[in-house]
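This note sets out points for a colleague who is reviewing the model.

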Amino acid sequence: MLKGKVAIVTGSTSGIGLGIAKELARLGADLVLNGFGDAGEIETIRSGIEREHGHRVAYDGADMSKSDAVRGLIAATVEKFGRLDILVNNAGIQFTAPVEEFPIAKWNAILEINLSAAFHAIAAALPRMKEQHWGRIVNIASTHGLVASTHKAAYVAAKHGLVGLTKVVGLETAGSGVTCNAVCPGWVRTPLVEKQISDIAAQRGKNQKEAAKELLAEKQPSLDFVSPSQLGGTVAFLCSPAADQITGTTISVDGGWTAQ
Ligand code: NAD
């Protein structure tokens, strides 16, 4: 389905981004991986996807907290592959604290990586996508782009902002062949959530299994985690012809969280 297309997935060395990258490669896209981590492990991931699917897979370690690096990632991809069709803005970080204690540096970092990076990447990618009369921009937001939780001021603000940005870009590109949508996952068991499970375990004297159950029970009625590969499937759907008229909106993949 995606043969000949070129996709960038930011923050794809781990978790959800890696699940999305693998699904896009499975469907035939050439890939640019991005994110932090051990150089050897990243190379194992990169070469593994390339071997399994037989497409070109590149890695670019651009830091999504730096506007020039984000725009540079787009430019380098177009330079290397000659085109850009799919942009998945996924890189993200979390930090939790009451608003009056929230460290300024953490607020700034979350806004930069979880929101501003998507703005810079979209701004840099759009001219090329419009020229090609086809493009798919998928922003990985969160249930926290639609509803709030305590102690997540920066994350909730950034994700609500990302949903707003999605709507504007959807409107500005309507009819151009480019679509822009946000995916809003509930709990996914990745390193980002593992830390929150450990915090619950430590605070309430539980083991990891009990703490994970409590985390789910508080928010996610299905009582099951969403998987990175299910989110890969959601992004693939948004890249399919069935989704040509879906733009400027959100798709929740949250086990019923935001239905409450
Ligand atoms: P993760 O920690 O497993 O992965 C985050 C990725 O972002 C990693 O590849 C990391 O290296 C990369 N990254 C972090 N800072 C970066 C930077 N400055 N520059 C480049 N890359 C950077 O987390 P995840 O759970 O897979 O989260 C991915 C996205 O999904 C995030 O935007 C997160 O907010 C969102 N999300 C996660 C959940 C969940 O339950 N895990 C739920 C909803 C939304």
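**Notes on the predicted model**

1. The largest pocket holds about 750 Å³ of space. A pocket here is an open set of points on a 1 Å grid over the protein atoms alone, where there is protein on both sides within 12 Å along at least five of seven lines; lining residues have an atom within 4 Å of a point. Grid points are joined across faces, edges and corners, and a volume is the space filled by probe spheres set on the points. Of the 37 residues that line this pocket, Asn-90, Ala-91, Gly-92, Ile-93 and Leu-192 are the closest to its centre.

2. This is a predicted model: local features need pLDDT of at least 70 and side-chain atom pairs count only at pLDDT 80 or more, while totals for chains, interfaces and linings use all residues. Residues are numbered from 1 along each chain as its sequence is written, and side-chain values use heavy atoms, with hydrogens and water left out.

3. At least two residues of the pocket lining come from each of α1 (15-26), α5 and α6 (191-204). The greatest contribution is that of α6, with four residues. Helices are DSSP runs (H or I, at least four residues) and strands likewise (E, at least two), numbered from the N terminus. By class, the lining has 17 nonpolar, 17 polar and three charged residues.

4. The ligand has 31 residues around it, of which Ser-14, Asn-90, Tyr-155, Val-188 and Thr-190 come nearest; a residue counts if one of its heavy atoms lies within 4 Å. A ligand oxygen atom is 2.7 Å from a backbone N or O atom of Asn-90. For Phe-36, a polar backbone atom is 2.8 Å from an oxygen atom of the ligand.

5. The whole structure contains one cavity of 30 Å³ or more, a cavity being a set of points where a 1.4 Å probe fits but cannot get out. About 80 Å³ of space lies in the largest cavity. Its lining comprises 14 residues, and Asn-89, Asn-90, Ala-91, Ile-113 and Ala-118 are the closest to its centre. Helix α4 gives the most to this lining, with five residues.

6. Asn-139 lies in strand β5 (residues 135-140). Is Asn-139 buried or exposed? Asn-139 is buried, with a relative accessible area of 0%, where buried means under 20% (1.4 Å probe, protein chains only). Beyond its neighbours within four places in sequence, Asn-139 is in contact with residues including Asn-89, Ala-118 and Thr-166, contact meaning heavy atoms within 4.5 Å.

Methods
Buried < 20%, exposed > 50% of the residue type's maximum accessible area, 1.4 Å probe, protein only. Polar contact = N/O pair within 3.5 Å; in protein donor to acceptor, adjacent residues only side chain to side chain. Nonpolar A, V, L, I, M, F, W, Y, C, P; charged D, E, K, R; others polar.
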